[in-house]
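Please read it alongside the coordinates.

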Amino acid sequence: MTGARAALRRAGIAFALFPLLALLAPLLAREKPWITGRAGETILSAPVPFDPDGVDLDRRLTPPGSRHLLGTDELGRDVFARVLHGARLSVAAGLLASALALGLGAALGTLAGWAGGRTDRAVLLLLQIVQALPALVLVIAGAAFLRPSFLVAALLIAVTGWTDAARLVRAGTQRLRSEAFVDAARASGASDARLLFVHVLPHALPPALATLPYVLGSAVLTEAGLSFLGLGAPPPAASWGRALAEARNLLPDAWWCVLPPGVALFLLVFSARRLGDAFVGRRGDVQSRLA
Amino acid sequence: MLRFALRRAASAVLTLLGVLALVFGLVSAAPGDAASLAARAGGNRAVPVSPEALAAFRHLYGLDRPVSERFVTWGWRALRLDFGLSLVDGQPVAARVARALPTTLTLNLAALFLACLVGVPLGVATARRPGGRLDRISGFVCDALFSTPTFVLGLVLLLVFSGWLRVAPLFADAETGLSGFMLPVVTLTLASLALVARFVRVCVAAALADPAARAGRARGEGPPAEIRRALRRSSAPFAAMGAALVPSVVSGSILVERVFSLPGAGGLLAESVFARDLPTVLALTLLSAAIVVAASLGADLVTAALDPRAARADDALPGIAP
Amino acid sequence: MKKLALVAAAVLLCACGMRGKSQDSVVRRRLDGEPKTLNPILATSDAEQIVLALLERNLLDYDEKLDLVPGLAEEVEGSPDHLVYTIRLRKDARWEDGTPVTSLDVVFTLTTLLDPKAPALTRRALFDGFVKAEAVDARTARVVFTSAAAGRRDAFNLPLLSAAAWAGGDVATHPRNRNPLANGPYRLGSWEAGRTLTLVRNTQYFGEKPAPEQVIFRVVPENAPAFAALESGAIDEMRLSFARMKELEAKAGMPGVPRVVTFDELAYSYLGWNNRLPVFADRRVRRALTMLIDRESIGRNLYGGLAKLANGPLPPAHWAWDASLAPWPYDPKAAEALLDEAGFRKGPDGLRRKGSLRLSFTLSLGMGSDIQRQIVELTQLSYRKAGVEMAIQPLEWAAFMAKMDAGELEAWAAALNLDPYPDLSVSWHSAQVPPNGSNAAFYRNPDVDALLDRLKTTFGREEARALLARAQALIHEDEPVTFLNTPLIRWGVSSRLTNVRTSPIGLFMFWPGAAGWRTSATTGPIS
């Protein structure tokens, strides 16, 4: 079991780097020095001494070099700085979208599993409709209504991605609803709400929560795909997906505009999946992991 | 069992109706008007468009009637397989869809087939030796493949193999025939491979760990029989997986289609929504949703047939990644 | 043995030669989107018009200098009062099925075009005042108007529909829209939907046989694959971004490398301001917004030095362009002074306010142009430094157009393509505000209105030039929108194509355009 725990720890650390980078980005990449002397001279500058918005048209599209470690983009902005700051958007979009998806799914799943009967059938119908709906239509039409933005992208991803969580929570809730210990608690006078929150959900939710890393990965990739179609967050937001979408016409020459955000995106999704793997265990048996 | 099947079928029909109504409502209500879009197809030309022409366009396509009436009219016609005319070019929607569909189906089914061809044996092999070298390597590679955005993968493959090495054709058409599908199919296969391999692995591993399997091993069953039993027991969740992969068959390959200049149904759907071409959107939605619903229904029936208990429940296998 | 070798060599040479010859007679071109219709009256997109330019001649065509020259019509004569136009068709003009092009076709086309109910959405503007069209004899048609208009002859830059072919059924949904009858140098051979259109020589064409036997159009929506195709010879032409142009210029002279062809377009890019909005009401603010943008740096860096500063509503390629009108300079200090003068003072947070009115607005952008997006992002930053808050909102094309047509956009970025005879009223006359016309800036200047009205009936070029100069000056003073640049358009053309000529409306929409291209076997790659 230690092997598995070690794997979990490794994966956890790797994944946690991203939110960390996202939080530290404004510190790591900025033009204003960390410490300035009394005369205004720079004593200690940030590791990446460029603003992500620092436009420098005369230096546009320079390849990686000593001044700009990862080169500059089409407006002369430092690629490294943009990638670091892009972490905030990509991670935030991923977290928000997956949190919304799981939240929505858990809520509806609980409702269906607990209430049963007509409510259950209604939720199931909704679930089937959403699964059968071509996500593309929903996304494009939604974007037309709601004007592309970071929040809207997260919302659209959530609205198309809640179904798996809902199914899992519903199954769990249904199963536990008729367990012996629940009957016992009910017999001792516990209210429905108490039963639900104290006894049932702690067991029904974990399987859905365990999918969080995977949902996160999918959400981040979907955001990139949305940007490719032009529906992602608007400028000056510099999510990795947008950077990729915008730089694709620069291939294969200005490869340094595509590779860093691409690799960053890849690593984020990859580490999320590895974390999910380590958490779930190779046998796919969630219950034993949490027992 | 029959009651179950009937209940499921009724639910399937309701689902289909729900999807169509939702799409109809969304696309109708979204800002943007097919008539003025058609006028500006060439970009922002400084040419005025007369209100009568716009009104005539709307009247021609019935856009000036209330939404509910249009939905019902569409529904009646659809039952007779008349999907109307496209707002974009005035041609029958059925013809436009029929032109785009073969490309997408070829692409997706070929990719699915190849993904299963490689993924199923891989999944089985890694399930039998969990934690072994093959398992670790395959896990790593599959996760890596899954984590790469498809359009990037496709673009890179295109530029390397078609642009630089010139071993694959740049476009798929009558001249290049099926070889033009090589790169796009490979791209999609790589993307789906991870999913298939992992899923097979989990199912088979679970089945192998099952008490029944242990009993079989105790009886002296060899590996082949073990595998066969495992596969049989997994067939219910397999069916569920198949149903889960189906939604992407019609429109899921849109990014790959765009990168490789393939005029498929995914691109047609996107373009139709952008142009507010409701008849085409509805026809494609009907097709896509019908396939999904039918697959889901089929999966449920298969599961129920194999495991009568399942006829009363409805869950997904826990721990399976989406 | 020797004989065998010789035969083998001969066969090989012939094979190469044959391949070369078949290469010779095919031109491969790129479309960035699939044509929806090949009905010349209904076609609106670039892709459609490019294809149709080879299939159909117009009554009068534009030559490369944008003068009207005879096409299907030998002559189009206007009456002295400019109300009646007589069209005399060529005796030898024929449709691809051998039937002659007659005045009945002219009458049919005009009736169809001008039927208020027909969705012929774009070509109508120049036929304002149309009364009727009648066939005088087989070759002559007469068109009658109620009013005289200076640009009337340009209305006859019009293709024809065959009355026989398009009879029966609704024009909008006619099956002929996918299989038109050609009267030009080529006819439609085959159409593999979404992929390729193949045109072959029209043997019934009255004019000179075009050099290439076949023209194959291929739909390639993405630019990267298209450029790879251009370099490998799979397509023979495509529009180039500045980066690609530099790439090709760097390799110029090497065998097989496509060459770059450029031309000045009748277009300009601009940032539109909705003048009805309180923040844009004062022209000092609008001028300041123009002066905050370093258009020269943009021209140097984003357009590779190949863009001219726009100074008003006419681009440099237009015959009436007033070169003496100096564009507003890049002067952030003066701009900020103007903003102060207009009452917008910088607050403690850096944002300018006039009382409670914040100098803040949203600029909408349709999806598509990379450069446009870059300019808008640059502008956002420049504005922020000066205390102007501009939010950027990319909109999906449909929503963008809908809002533009409804006059709901606060600010937007766009490019304007002008027709050879541009009627400036459409964009600048106060009667042309949405939903009637395209004056989405809601610009109102009675003096300009008066000039534009007079221009409609000014037939002399010199007189028109003077009026247009005054209109340009007035609009320049008011700066209702920020005129940005007119970039040079770059086209990559295969080294095996010759006689590729340009015009201010591009490589294709004038006569002979692409119909005059020739191929040479010696310089093309054989692959």
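How many helices and how many strands make up the secondary structure of chain B?

1. The model under discussion is predicted. In chain B the secondary structure amounts to 14 helices and zero strands. Read from the N terminus, the order of elements is α-α-α-α-α-α-α-α-α-α-α-α-α-α.

2. Chain B has 322 residues, and 51% of them count as buried. Taking the contacts in chain B with a separation of 6 or more, 73% are between residues 24 or more positions apart.

3. The interface of chain B with chain A involves 52 residues of chain B and 48 residues of chain A. Several helices of chain B each supply at least two residues to the side that touches chain A, including helix 1 (2-29), helix 6 (133-147), helix 7 (150-164), helix 8 (182-209) and helix 14 (278-306). Helix 11 (247-251), helix 12 (254-259) and helix 13 (265-274) of chain B are also among them. Helix 1 of chain B gives the largest share, nine residues. By residue class, this side of chain B divides into 37 nonpolar, 13 polar and two charged residues.

4. Chain C also touches chain A: 22 residues of chain C are in contact with 23 residues of chain A. On the chain C side, two or more residues come from each of helix 4 (223-232), helix 5 (242-250), helix 7 (295-301), helix 9 (370-385), strand 19 (389-395) and helix 10 (397-406). The largest share, seven residues, belongs to helix 9 of chain C. The side of chain C that touches chain A is made up of 10 nonpolar, seven polar and five charged residues.

5. On chain A, one element to check is helix 6, which covers residues 163-177. This helix of chain A has 15 residues and spans 21 Å from its first C-alpha to its last, close to the 21 Å expected at 1.5 Å a residue. Is helix 6 of chain A largely enclosed by the rest of the structure, or largely exposed? Helix 6 of chain A is largely enclosed, because 13 of its 15 residues are buried.

6. A local strand pairing in chain C is also worth a look. Strand 6 (residues 130-137) and strand 7 (residues 140-145) of chain C pair in the antiparallel sense, with six bridges. These two strands of chain C form a hairpin, and two residues lie between them. Within this pairing, Lys132(C) has Val144(C), in strand 7 of chain C, as its bridge partner.

Definitions and conventions. Residues are numbered from 1 along each chain as its sequence is written. Chains are lettered from A and ligands numbered from 1 in the order in which they are written. This is a predicted model: local features need pLDDT of at least 70, side-chain atom pairs count only at pLDDT 80 or more; totals for chains, interfaces and linings use all residues. Helices (H or I, at least four residues) and strands (E, at least two) are DSSP runs, numbered from the N terminus. The expected span of a helix is 1.5 Å times one less than its number of residues. A residue is buried if 20 or more other C-beta atoms lie within 10 Å of its own, exposed if 12 or fewer, and partly exposed in between; C-beta atoms are placed from the backbone. Two residues are in contact if their C-beta atoms, placed from the backbone, lie within 7 Å. Ala, Val, Leu, Ile, Met, Phe, Trp, Tyr, Cys and Pro count as nonpolar, Asp, Glu, Lys and Arg as charged, and the others, Gly among them, as polar. Two strands pair if DSSP finds at least two bridges between them.
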